[in-house]
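Thanks for coming, everyone. Please take a moment with the sequence and the model before I start.

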Amino acid sequence: MNKKTLILISIALFAGNLFGSIFDTYGIGRVGINYSVASAGRGYTSALYNDNKTVNFQNPASLAMTEYAGFNLGINSHFNDIDPFGSTESLVGFSYGIIKFPFTKKGGCSIGLVPIASANSTYNIESSDIGYSEQILNNGKIYSANINIGYKILPFLDVGLGYEFLTGGYNFVKDVSFVDESMVSAKLTSDLGIDGRQLSTGVILSLKDKLSFGISYSYIFDINQQIINTYSAKGNYYSLKDTTFSNDKIFPNKLDIGITYNISKKYRLNLEFLTYGFNNIDKVNPVYESGGINNYSHFGFGLEKNGENSIFDSFFEKMIFRTGCFYNNNYYHNSSDEAVVSKGITFGIGIPYNKLKSRIDLSFVWERNSGTIYEEQNIDAVNIDENVYRIQISFLTTEKWFNTKGKYR
Amino acid sequence: MTGTFFKSIFDVFLLVVLTIFIVQCAKTPFENENGFSGVSVDTLEFNSNVIDSVKNASVVVSSNNAIYNMVGNYKNIQNKFSLEFLSLNSLESISDTEKVTIKNADIKFYLHKDWNNIDNAVNLDVRQIAPDSIYWWNNSSVPDSIWSSIYNNSTEMISNYSLDLSGDSTLMDIDVNIIKDWIANPDSNNGMIFELSESNADEMISFYSYDYSDASLIPQLILECEISDTNDVYLFDSTFTIYSTCDLQYSESDFEVGDDSLVASQGAIYRPLITLDSLRKIDSIDERMIINSAVVTLTIDQLKSSIGNEDTLSLYVGYFQSNSWDDEDIQYDFATGKTIENITDLTDTISISIPYVIQKIIATTDYQQNGIFIQVDNERYDFNRIYFNKNTFNLNLVYTNFIRENE
């Protein structure tokens with residue numbers, strides 16, 4: 001009975017702006033999203049490097065470079081082109097918000113709200129031989145509300161520490177309906193609420209004037225979930241609510257390593273490797289039985305040309321230009337342990353204004369996701385290629401709060 | 001300068017190699033015992049072994065809201081009824097200047113059915129219910145019990161009548177003094193009882209009752225009156241029609257069935273009850289699975305069954321629950337079941353999908369008995385009987401199982 005022949009997979013565009021990646025239906029959706037717009041423009045690299053205005057979400061040690069207080073607000077927009085179904089509508093929304101400020105000459109801290117996982121997708125699976133279809137929906141986010149501190153303890157060594165409150169929730173729905181209308185459709189709705197705590201730590205080691213090395217690690221030390229599963233039948237004649245509390249680890253620890261090479265005063269090269277230890281999590285929202293999970297890994301490469309810092313330079317010379325590329329092995333794998341792969345190229349610009357105090361950053365990302373979306377025994381796996389076009393914008397202002405730098409001491 | 005550049009490039013190369021090494025260490029073989037799972041849609045088939053127990057539950061037939069008043073004997077059922085006309089006060093005086101004198105009184109019944117094709121006439125005894133018996137018998141919610149009181153202790157013979165059954169309606173002449181007494185002394189008007197004169201005769205008729213939807217067909221008291229002035233000077237004749245105000249149908253059955261068969265019957269009402277406790281004992285079944293389809297199949301024992309060759313019946317298959325079905329304390333659910341139609345004397349098998357009923361059976365655990373019941377339609381006003389072969393019971397399930405994590 002479970003033997004299915006898959007004849008069609010269709011995207012169901014729901015009225016709830018469910019326009020994320022089609023691969024978001026798995027687990028907690030997309031991870032590796034806590035990058036600033038500036039980082040996204042240079043191939044999602046930020047483990048080590050940070051300029052003195054933007055906030056590095058991956059490594060709290062970089063806050064030691066903070067010179068000015070300020071806001072940083074990010075907005076995300078994207079649309080997807082999924083072969084063979086065409087384009088989805090664009091999704092525009094808040095991405096992150098950070099306040100940062102320096103303390104003494106050697107330290108800085110930040111308070112902010114940053115997404116660390118996001119799912120926003122639905123699709124149908126139609127099976128021919130027993131005449132039923134499954135609709136799967138996964139919609140939710142995990143945010144990190146964080147306090148981070150960075151400090152330069154030695155001229156060549158910055159250290160950082162972050163304490164993060166993880167909060168969020170997911171709505172996961174499986175709806176089984178039948179071609180034969182006399183048969184009763186079945187639905188599972190899982191509402192998951194998450195409350196967790198995470199510690200992050202990082203160091204930046206300046207090996208030479210031109211070469212620096214950074215590493216950060218985030219550890220989930222407490223996570224609580226409330227899961228409300230509702231099993232229901234068509235027409236609501238039957239509904240069973242099953243509420244459970246769990247401490248299962250559903251979000252993994254993270255390791256981030258990066259290097260920066262200053263080619264010259266203006267040009268900077270970044271390399272980054274980031275991994276989430278999904279092998280060690282306790283469970284993940286399921287989609288198909290034969291799938292599995294493995295560690296997430298991200299490789300990023302970025303190049304940045306700094307703008308001039310003098311108001312006497314031309315506007316073009318004051319702009320920052322960024323480019324990069326990335327390659328991700330996502331954590332959801334098929335039965336052959338083949339990961340869904342994401343790769344892409346990025347571009348970014350930084351446009352200063354307000355006498356170089358403030359800046360607008362823009363990033364443009366083309367991303368291609370490829371992998372298995374569904375499979376069953378005795379049938380060929382259904383593989384999907386998806387192009388994602390992202391445009392992100394952030395607004396960054398600098399102020400002189402707390403920036404005494406010893407003036408009143 | 002060039003040497004420093006290449007040294008730095010070498011450092012970068014070393015770090016890349018280190019990174020790749022860390023990645024390979026972190027990756028483990030594909031294995032996740034607790035993680036992915038999904039949806040399974042599967043089938044299960046059960047035969048009569050899934051039946052835990054059966055009972056043919058009788059239903060009280062007597063009622064104070066029957067739409068037909070039946071009197072007589074038919075297929076092991078004895079029927080009697082009572083009737084009351086309470087709206088007589090207006091006849092005391094129709095005006096200050098006119099006086100009403102009742103000359104003749106008839107009760108008019110509209111004939112619903114002559115069950116034994118009697119064709120000519122049927123003899124009925126009519127008793128007046130004594131005024132000292134329970135006055136509000138007509139509102140009783142326990143008709144069998146109240147009937148016993150008013151029939152055995154408090155009846156007074158009015159007359160014996162031979163009712164003409166040749167037309168659509170029939171008249172029963174009533175002594176006008178009884179009517180005058182009812183008008184003069186309303187407490188004495190406690191209704192009448194109608195029963196067959198020959199209690200064992202194999203004949204039965206039914207009339208449209210007070211509760212019938214067409215008010216023009218309900219029993220009527222026809223009063224032919226003379227209208228005179230206050231000096232007793234004749235003015236004119238007039239006929240008054242008083243409609244019945246309440247009734248009570250009493251039915252007693254000596255039809256009994258054992259629990260070796262499943263019997264759905266009309267008249268002497270039986271509903272077969274089937275418990276399926278074994279369903280809940282199957283590992284793959286629990287309250288979190290959703291029943292998509294549940295087809296119950298049963299064969300009809302045509303030799304034992306008795307279905308009129310012109311009758312077409314419907315069966316309702318639904319959910320029941322009880323904490324004491326031996327005491328007939330049974331709750332029938334008429335919302336979740338389904339109806340199967342066009343059952344005739346030629347039907348040998350019934351098949352019906354009742355997913356909601358099976359879902360409820362699986363999910364409900366706080367009753368001593370719960371399961372399936374079968375009800376034949378029009379069970380109070382017809383007399384067919386269907387015997388099902390218990391051993392042919394078959395249940396085909398299609399269900400969706402949402403496999404949970406960590407299970």
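First, the ground rules. This is a predicted model, in which local features need pLDDT of at least 70 and side-chain atom pairs count only at pLDDT 80 or more, while totals for chains, interfaces and linings use all residues. Residues are numbered from 1 along each chain as its sequence is written, and chains are lettered from A, ligands numbered from 1, in the order in which they are written.

Confidence next. The model scores ipTM 0.76 and pTM 0.76. pLDDT is the predictor's confidence in each residue, from 0 to 100. Chain B has a mean of 83, and 85% of its residues reach 70 or more. Now look at residues 18-37 of chain B: pLDDT is below 50 there, and the stretch has 36 contacts in the model beyond near neighbours in sequence. A contact means two C-beta atoms, placed from the backbone, within 7 Å.

Now chain A. How many helices and strands does chain A have? Two helices and 19 strands. These are DSSP runs, numbered from the N terminus: helices are H or I with at least four residues, strands are E with at least two. Of the 409 residues in chain A, 51% are buried. Buried means 20 or more other C-beta atoms within 10 Å of the residue's own; exposed means 12 or fewer; partly exposed is in between, with C-beta atoms placed from the backbone. Take contacts in chain A between residues at least 6 apart in sequence: 67% join residues at least 24 apart.

Chain B has a domain assignment. Domain 1 is 39-59 + 269-402, and domain 2 is 68-252. Such bounds come from an automatic or database assignment. The C-alpha centres of these two domains of chain B lie 42 Å apart.

On to the cores. A nonpolar core is a set of buried Ala, Val, Leu, Ile, Met, Phe, Trp, Tyr and Cys residues joined through C-beta atoms within 7 Å. The largest has 59 residues, and B:Ile290, B:Val357 and B:Ile358 have the most contacts inside it. Strand S21 of chain B, residues 385-402, gives this core its largest share, nine residues. A second, separate core has 56 residues, including A:Leu137 and A:Ile250.

Where does B:Val357 sit? In H5(B), where B:Val357 and B:Ile358 are among the buried residues. This helix spans residues 355-363, and eight of its nine residues are buried. Beyond four places in sequence, the contacts of B:Val357 include B:Val317, B:Tyr319 and B:Ile372.

Back to chain A, and strand S7, residues 132-154, which holds A:Ala145. A:Ala145 is partly exposed because it has 13 C-beta neighbours inside 10 Å. Outside four places in sequence, A:Ala145 contacts A:Leu113, A:Glu164, A:Phe165 and A:Thr167. A:Ser133 is also in S7 of chain A. A:Ser133 has 18 such neighbours inside 10 Å, so this residue is partly exposed.

Last, two backbone angles. Most residues other than glycine have a negative phi. A:Asp337 is not a glycine, yet its phi is positive, about 60°. A:Asp337 lies in the loop between strands S16 (320-333) and S17 (339-353) of chain A. Buried or exposed, A:Asp337? Exposed, because 12 other C-beta atoms lie within 10 Å. B:Asn76 also has a positive phi, near 70°. B:Asn76 is in the loop between strands S3 (68-74) and S4 (77-84) of chain B. With 15 C-beta neighbours inside 10 Å, B:Asn76 is partly exposed.
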